[in-house]
Amino acid sequence: MTDTSRLVYRIGMVGPSRVGKTSLITALLRGGQHLLEGTPVAMKAIGSSTQKRLGQHRRDLEGSLLAGKFRPGALGGTQEKFLFHLLLDPGVPDAGIELQLLDYPGGWFDPVTRPPGADWEECEHFLEQSSVLIVPIDAAVLMEATSATHLRVMPSILATTQVGDVVRSWLTERKRRPDEPGLLMLCPVKCESYFDDNGGDRDDSEELLTWVRRLYHDVIDAVPGEAPHVRTLYCPVDTIGCVEITGAEWTPEPGDPATLAFSAEYGVRPPGRQAIKGADDVLMALCRHLVGARQRVEEAVATEKGRTATTAERYAERHEGFFLDIWYVLNGERRYRREAAEDVRGAAVEADKRVTALTEIIEDLASRRPGGRVRQW
Amino acid sequence: MPDPVALRALVGPPFEIALPGLGLTDGQTSVAIAAYRGSYDRVAATRTPLFPGVPEFLGKLGAAGLRPAVATSQPEYLARWIVEGVGIDEHFTLVGRGRRAEMTRAARRPSRGSGRLRKGRRVSTDVSARIQQILDKRRQGLPPLRSEIAVWREVDEQLGELDAAVMALRDHAGTPDELRERLTQFRVEDARDGIAEALRLLRVLESRFSRDTVNIGVSGQARVGKSTLLQSVSGLSDDQIPTGQGLAVTAVRSRIQHSATVDRATLRMHTFGTFVADVVAPYHAELGLTGLPAAPAEFRTWSYPTPGADERGDDTAGRPSYATMLNRLRDMQASISTFVDDLTGGERVVGLDELRRFVAYPTNDELRAAAAAGGTVHRRYLAVRDARIECRFPELHVENLAIVDLPGLGEVAVRAEAHHVDGLQDEVDVVLLVKRAVEGMAYWGGADARALDLLDIARGFAAKRDFVFLLINRGGTAAALQDALRDDIRRQVNIGRADQFFRVVEADAADPADVHKQVLVPVLDHLADRMSTMDADVVAGTRAQLCAAADRVAALAADLDPALASVSPASGSVAEDLDRRTSRLRQDLTGDLVALVGELHEQTRNAAEDPEYVAAVEEAFATTRAWITAGLGVDERSWKDEGLRTMRVDRGSGRYAGEELNRVRVEISTSFEGLDVFFDARVAQLWNRVAASLSPHLGELLAGLDGEHALRRLAELLDGASEPCPRLSRAVQALLAVRLDYRSQLHPRVRAELDGLSLQVTDPHTGDPRTQIVVEATEAGVEELYQFVVRKAERAAHLTKKALLREGVTPALVLHAAAEQFEDVLIRSGDSEREFKRLARSYRDEVWPGVYGEIDAANARIARVRRARETLLASLAAMPGGNT
């Protein structure tokens, strides 16, 4: 934790490369920006690597949309760890909530398949600190399968075994933090062709839901046993929105004919403007998670009435991670209020307002009803 | 037992009259008479009491010049025995049986010679009548006898057929080993020997019953006076029947018969073939010579060894008779020219004056003359099989009597004795065995004993006492020698008691009257009295033999029972086998069809995995995509140009967009009809597989046909069967009616995927119609419209493909359902079993080619045995006595 008042909100992501994580993060960013329009809070990518990556993704996508059709790269293959940085920025230096999303290969979890030099300890530490784990799922893989062969290769393409391992490990860590809320989100992406609520002409959402439950039932079913306080949400996301699938191919991997690679072809619905759907549900879920965590901390501090702040801090430190971050955020807020009360000059007051607005917006988002696509298990 | 009054009534009348009066049947009467005579005859001569004073009274009658005679209704011989036995015979000039008038006339006729009455004519008249009765009775027995002979011949043939049938079955490769083993023990040789003996006996009986004469055989060693006796009986002389001194003279068996009207001889002649077979062949056999001459010329030049020059060291050449037989054979060969012209076969009637040359051996003078002259000795007798001589008998005018001259016993001639026996059995009713007491031979010797032995064989089932009379020829011999011989015969033959076993008569063979009185009269009396009994004995003996033979045949037939019983479970009837095979056919078909249906069911579970189906869908999809990307069936530029023109004219995109979307929709739908090629192949494949499951089990029924052709042929066969199989036919026709095509089966399921290819669509949320696209009538507008239509087309094609792949189960389901229905109806319908049997019965030989030919043949072989056995048993059951 920095010494700033910025809350670092660590979110783990697990899934094969090119499953659509970057698209999902892009969608979260675009969705957040859309949600926060007209508020004093902005959402943005921070850090050059994140900005570069998201920028490249956006350019590629815009090109594809202009071309009228595109074919995302096939899923699978090797993957490097990447940490995305997004910021809910109230406009106050060193304030705001930073969303850190760690994308790392599922294969790293298994020492046998972990490549030499992989920075697994950092990943492990990050996961321990993450009270939220997002599992992006390529909806097309599920929905375009037409044969038993496809079904057989589907877990391999979606790396469900590795994903399951990571989730169970994460749940184990959550189990050690029973006071700290946890959130597991299964997020099918590229869902545009299977919903009719975003320009599509057919609704195959139930089939998608069925497939997700069927393929990830190990993960879903593990939650109540491993960490009952963890909420499991199903949040399908149209990461582009203006496309629909026009072709799908299952082609043997060049080096391993028994393994199939999946690729889909998409056509762009005119006028070709991105229409993200479902990312707001993800954000709102994150907000609810934040609010819930904060309320927990406040309740915990309240129970320590009569004790000194030091005692309360010790409580927060005892929980480390997310709770400690929240504690510092609370302290930061208190600091801004104190400074605003002490310094009637505009800068301090403005800072206090912005931080307060962020909190209110988060609470507002947390209080909104989730969209019709969302399921909670 | 009848009361005394009834018994008294028996005294006087003949038994044939009196006994029926007591209620006896003819058969019972015969039996009673035979029983009575059997016991009474033996004691009548010695135990008949004489009334006191009778001898004296008879003496007075004779002294008074009266000639008493005995007239009786009882057998004449018996009366004579009694008269002699009680010692009063010297008083009577006649002891006879006949009507009173005849007896009276005889008694009044002046006596010749000794002063006694000539009694022959009178006696013979009675005897002749009685003998004729017997002969008539015999003839009455001929028809049933001949029927029985025919039955036995049939039985023999039937046994032969049974043997052939059993051998055919036993030797056939398809006969089970166990049955073959059982049949190996079936041997008919003994039974056939029994039948042959039965037939021989029946033929002897037939011969006996066929004779129109009573035949007295004259037998004896050479030179005992047989020919002399015959001359005395027949009145023939040396000119006809030679007698000789020292040499055998009678070469041909002759039958001499009294005839009041003709004097002639009927000769039955040899052919060269019968001459060789009957005369030459036995010599060859006895002499160990191989081969036989086929023609006179060959016989004439046949190389026979010279007696004494034969170097062979075996027993044949060393026997004393060898040279004799060889000499006789060479004599025949040397004389062939003298009789070859007589080897004509058939009968030749000659006068009695010609007879001698045909029946007599050459005399010593003739032999010497020929030797001296270097000429050829005539042996025409060699061409004669036998002779029948008819002439007027001087003493005994009995029409139905014949005297048979048999070749001399003891002659060194091949098969002479067997020939003798055969002749006796076939031709004579009684035999006179002539014996003459010559110096040095006045005893009953070994040759005589052997002669009796032969006669014992020849008599068959007749009692020896009835069959043989010993005749002592007193002619030309000293009384002492006669006494010696007589005594020796009594001792040797009759164990010291006169006539104990054989009756002995004595006469001078050269004295016709003596022969008549001492020989013919008692013999004829005997025959008249005993022939019925003798016939009954022969019939009974023969019958016993027949029963034994029939029993043997029946037992042999019964021996087949277990073997035949073992046949049924082994091969059974054709019907049973057909049922068994039909059941197996149905089971096998069930197994194959269940496997096929199971496989098709598995395909329904993995339908989308069917690489051929996936490939077919992918191909249809690729074709569709190519059509789309190539410019929607025209080309992109043309499409846009046309679109722009149309939209400008229309001042809007609606019509063009709508029409194009419709056209594309139809085109995509149509392009997926290319799947029908695959579906057709799949249906054909199903037919092929079903046919392939059926064909191997149906033999040649569907040979050379497969798939649809095989099934159509099967349906025709089921309809056209001699016993139609409508249910099975419908099952096949239903299978042939299976259709699998995109338009009717899959299109309805994937039709919704093409919904996007319409200008107007229904808003999924509001339910309101919504126009999907409206563009301006500009280049940009038409470009947008083109992209829209292409995207919609591609998506529709993609969704259709996806749906088709996910609906891949449908074709498999259709095929599986069709096959399962076929299997169900074919195998499990209520009519299935019955119609399978009909099919099997209708096309048995096509389904199991060769099987039933062989089974039929096997069953025919078995049936042949059964039939032969049953026929044989039926014949046996129909025989007198009813053997089964």
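User: Helices (H or I, at least four residues) and strands (E, at least two) are DSSP runs here, numbered from the N terminus. How many helices and strands make up the secondary structure of chain B?

Analyst: Chain B has 35 helices and 13 strands. This is a predicted model, where local features need pLDDT of at least 70 and side-chain atom pairs count only at pLDDT 80 or more, while totals for chains, interfaces and linings use all residues. Residues are numbered from 1 along each chain as its sequence is written, with chains lettered from A and ligands numbered from 1 in the order written.

User: What about the complex, what ipTM does it get?

Analyst: An ipTM of 0.85, with a pTM of 0.54.

User: Ok, the sheet. In what order do the nine strands of chain B come?

Analyst: The order is 6-5-7-4-8-3-9-10-11, in an open sheet with mixed pairing; strands pair if DSSP finds at least two bridges between them. Strand 6 (347-350) and strand 11 (503-507) of chain B each have a single partner strand, so they stand at the edges with one side lacking a neighbour in the sheet. On average, neighbouring strands are turned by 25 degrees against each other, direction ignored.

User: How many bridges join strand 3 to strand 8 in chain B?

Analyst: Five, between residues 214-220 (strand 3) and residues 401-405 (strand 8) of chain B, and the two run parallel. Gly217(B) has Val404(B) as its bridge partner in strand 8.

User: Which strands does helix 16 of chain B touch?

Analyst: Helix 16 (residues 352-359) packs on the sheet against strand 4 (254-258), strand 5 (264-269), strand 6 and strand 7 (384-391) of chain B. Its direction makes about 155 degrees with that of strand 7. Such angles run from 0 to 180 degrees between N-to-C directions, with axes fitted to C-alpha atoms, for helices over the stretch in contact.

User: And where does helix 21 of chain B lie?

Analyst: Across strand 9 (430-436), strand 10 (468-473) and strand 11 of chain B, at about 160 degrees to strand 10.

User: Switching topic: which residues touch the most other members of the largest nonpolar core?

Analyst: Leu432(B) and Val553(B), out of 112 residues. Such a core joins buried Ala, Val, Leu, Ile, Met, Phe, Trp, Tyr and Cys residues through C-beta atoms within 7 Å. Helix 22 (residues 512-571) of chain B gives the largest share, 19 residues. Beyond four places in sequence, the contacts of Val553(B) include Val155(B), Ile195(B) and Leu876(B).

User: Is Ala626(B) buried or exposed?

Analyst: Ala626(B) counts as exposed, because it has 10 C-beta neighbours inside 10 Å. The cut-offs are 20 or more other C-beta atoms within 10 Å for buried, 12 or fewer for exposed, and partly exposed in between, with C-beta atoms placed from the backbone. Ala626(B) lies in helix 24 (residues 611-629) of chain B. Its C-alpha is 9.9 Å from that of Glu794(B), 168 residues away in sequence.

User: Last one: how many residues of chain B are in contact with chain A?

Analyst: 17, against 16 residues of chain A. Helix 31 (residues 779-806) of chain B gives the most to its side, 10 residues.

Methods
Contact = placed C-beta atoms within 7 Å.
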